[in-house]
Amino acid sequence: LRPWPGTQETTRRPVDPGQLGFGSQGADIMPKLGSLANPKPRVRVSKAGPGTGKSTYMPYRLLDPPENAPIRPTDLGPIVVTEPRVQATTGVAGFVGTKMSGAGGVGPGYPVGFQVSGNRAHDDSCQLVFVTDGTMVNWLREGRLSKIGTVIVDEAHHLRSDVLEALRLLTNYAMDSDNRLCLLPLRHPE
């Protein structure tokens, strides 16, 4: 038998997100990052049509912003993205972690992780963590908001009960830090 591996070494290959076919491009993210750099208010709504990368490109660009970006959200703490379903959570995390980040994987030791129904595939090295709406509600109830730098409530336009509960909890908690960001990506009607 071979010895048990030590810590996972992650190498990131440069990836050009523009080649992935999103409606959003690098130039589109700079004004959004500029508005997030303003300390008040720290809640933003982002509206865009289907296929523009609200679930994938936007979280990735917050994880890995352009070099001259006015803010680097991971400096504030990990970015947590809520997704409505388990399949969306694991699928989006897999796509962002393997194809977009260039790290080639998802989970402990990688920049991207996820958690669904008790399946914890992340650790402290994960700077972008995808979770189900229910997991986020549980985290908020447990008081974990202080450990999160940015919250993205994806598919917020559906107004499911878990989304409404997460928004209620987020708004009822005093934003105890000027360093927390909250983003609500909404889809334009088709």
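Why does Asp-75 count as exposed? At 62% relative accessibility, Asp-75 falls in the exposed class, where exposed means over 50% relative accessible area, buried under 20% and partly exposed in between, with a 1.4 Å probe and protein chains only. The model is a predicted one, in which local features need pLDDT of at least 70 and side-chain atom pairs count only at pLDDT 80 or more, while totals for chains, interfaces and linings use all residues. Residues are numbered from 1 along each chain as its sequence is written, and side-chain values use heavy atoms, with hydrogens and water left out.

The secondary structure of the protein chain comes to 5 helices and 7 strands, these elements being DSSP runs numbered from the N terminus (helices H or I, at least four residues; strands E, at least two). From the N terminus on, their order is α-β-α-β-α-β-β-β-α-β-α-β. Of the 190 residues of the protein chain, 47% count as buried. Asp-75 itself is placed in the loop between α2 (57–63) and β2, and its C-alpha atom is separated by 7.9 Å from that of Gly-149, although the two residues are 74 residues apart along the chain.

Strand β5 (residues 128–132) is largely enclosed by the rest of the structure, because 5 of its 5 residues are buried. Both of its faces are covered, with Leu-128, Phe-130 and Thr-132 buried on one side and Val-129 and Val-131 buried on the other. Two strands are said to pair if DSSP finds at least two bridges between them; β5 pairs in the parallel sense with strand β2 (residues 79–83) over 5 bridges and, also in the parallel sense, with strand β3 (residues 112–116) over 4 bridges. Within these pairings, Val-81 stands opposite Phe-130, and Gln-115 stands opposite Val-131.

In helix α4 (residues 133–141), the buried residues include Asp-133, Met-136 and Trp-139, and the helix is followed by Gly-143, whose phi is positive, near 80 degrees.

The largest pocket has a volume of about 280 Å³. A pocket is here an open set of points on a 1 Å grid over the protein atoms alone, where a 1.4 Å probe fits, with protein on both sides within 12 Å along at least five of seven lines, and lining residues have an atom within 4 Å of a point. Among the residues that line the largest pocket are Val-80, Val-129 and Trp-139.

Conventions:
Grid points are joined across faces, edges and corners, and a volume is the space filled by probe spheres set on the points.
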